[in-house]
Amino acid sequence: MTDDKDKDNLEQQIDENLRKVFQRHLEEEVPDKFMDLLAQLKKADEKADEKGSAHGD
Amino acid sequence: MATDSDAPDPRDEVVEHLPAMRAFAASLTRNSAAADDLVQDTIVKAWKNFDKFQEGTNLRAWLFTILRNTFYSDLRKKKREVEDVDGVMAGTLSEKPHHDGRLALMDFEKVFQRLPVEQREALILVGATGMSYEEAAETCGVAIGTIKSRINRGRARLAELLDINDDDSIEMTDQATMAVVTSGMSVRKNTG
C-alpha cells in the first residue's frame with residue numbers, strides 16, 4: 001500500500017493504455033488517398049526535374 | 001534533388017510513417033476525418049520542405065514536427081471553439097474503472113481525449129511512441145522540463161479523471177454494492 005508503489009502501478013497502467021490507444025490507430029489500414037497523394041507529389045517532382053529550372057512554391 | 005548517391009530517397013520512406021502519423025494526428029484532433037486532413041496537409045508541407053530535411057536524422061520525428069506545427073497553426077486559425085471544447089470537457093465526468101481497477105480501452109481513450117492537447121501530445125509521444133523526453137521536446141519545440149511537466153500533469157489529470165488515484169475509489173465503499181458482489185461471486189481482490 002505504499003504510495004510509490006501505487007504511483008508506479010498507476011503510471012504503468014496509463015502508459016500501457018496509451019500504447020494500446022496508439023497501437024489501435026497504428027493498425028488501421030491507411031486509405032488509398034495517401035498513396036495517391038504521394039504518387040502525385042512524386043510525379044510532380046519528376047516533371048519539375050525534367051523542366052530543370054522551373055521551380056516555384 | 002539528391003539523386004547523385006545510392007542513399008535511399010527519404011521521400012520514399014514517408015509511406016512507412018503514415019500509420020504513425022495518422023495515429024499521432026488522431027490523438028491531436030480526436031476525430032478521424034480531421035486527422036486524415038491533417039496528415040494530408042503534413043505530407044504536402046513535408047514535400048515542399050524536403051530540402052530542409054537532414055538525411056540520416058529521424059524522419060519520423062521530422063514528420064511529427066511538421067504535423068503538430070500544422071495542427072497548431074490550424075488551431076490558431078480556427079481559434080476558440082476547439083480550445084473551449086478542451087476546457088469544458090476537461091471539467092466533466094469521470095470514468096469509473098471496472099471493479100478490478102482496470103479500465104476498458106475505449107473508456108481510457110474517452111478520458112484521455114479530455115486532456116488539454118499539449119498534455120495529450122506529450123503523453124503520446126513519450127508514453128506511446130517511445131520517444132525520449134529529449135526527442136519529444138525537440139519535436140514540440142519546447143524545453144525538456146516543459147515536456148516532463150506536461151507529462152506529469154497529464155498523468156495526474158488522467159488519474160484524477162479515471163478516479164484511480166486513491167484506493168478508496170477502487171474499493172467498493174457502497175455497502176449495498178458490496179453485499180451484492182460478495183454474495184454473487186468471489187470478490188476479486190483489488191490489485192491496485
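**View 1. The buried residues of helix α7 of chain B in the predicted model.** Helix α7(B) spans residues 133-140, and B:A136, B:A137, B:T139 and B:C140 of this helix are buried. These four residues lie on the same side of α7(B), because the arc that they cover around the axis is only 165°. In general, residues three or four places apart in an α-helix point the same way, since such a helix has 3.6 residues a turn. Just after α7(B) comes B:G141, which takes a positive phi of about 65°.

**View 2. The largest nonpolar core.** This core has 41 residues, of which B:F24, B:A25, B:L67, B:V126 and B:A136 touch the most other members. At least two residues each are supplied by α1 of chain A and, in chain B, by α1 (14-29), α2 (32-48), α3, α5 (105-112), α6, α7 and α8. Helix α1(B) provides the largest share of the core, with seven residues. Domain 1 (13-79) and domain 2 (82-167) of chain B each contribute at least three residues to this core.

**View 3. The surroundings of B:L67.** B:L67 is among the core residues that touch the most other members. When its neighbours within four places in sequence are left aside, B:L67 is in contact with B:M21, B:F24, B:A25, B:L38 and B:T42. Two of these partners, B:F24 and B:A25, are also named among the core residues that touch the most other members.

**View 4. The contact between the two domains of chain B.** The domain assignment of chain B gives domain 1 (13-79) and domain 2 (82-167). Eleven residues from domain 1 and eleven residues from domain 2 take part in the contact. On the side of domain 1 that touches domain 2, α1 and α3 of chain B each supply at least two residues. Helix α3(B) gives the most to this side, with six residues. By class, this side of domain 1 has six nonpolar, two polar and three charged residues.

**View 5. The contact between chain A and chain B.** Chain A brings 24 residues to the contact, and chain B brings 31 residues. Helices α1 (3-26) and α2 (32-51) of chain A each supply at least two residues of the side that touches chain B. Helix α1(A) gives the most to this side of chain A, with 14 residues. Twelve nonpolar, three polar and nine charged residues make up the side of chain A that touches chain B.

Note on methods: Residues numbered from 1 in each chain as written. Chains lettered and ligands numbered in written order. Predicted model: local features only at pLDDT ≥ 70, side-chain atom pairs only at ≥ 80, totals over all residues. Contact = placed C-beta atoms within 7 Å. Nonpolar A, V, L, I, M, F, W, Y, C, P; charged D, E, K, R; others polar. Buried ≥ 20, exposed ≤ 12 C-beta atoms within 10 Å, placed from the backbone. Arc of directions from axis to C-beta. Core = buried A, V, L, I, M, F, W, Y, C linked by C-beta atoms within 7 Å. Domains from an automatic or database assignment.
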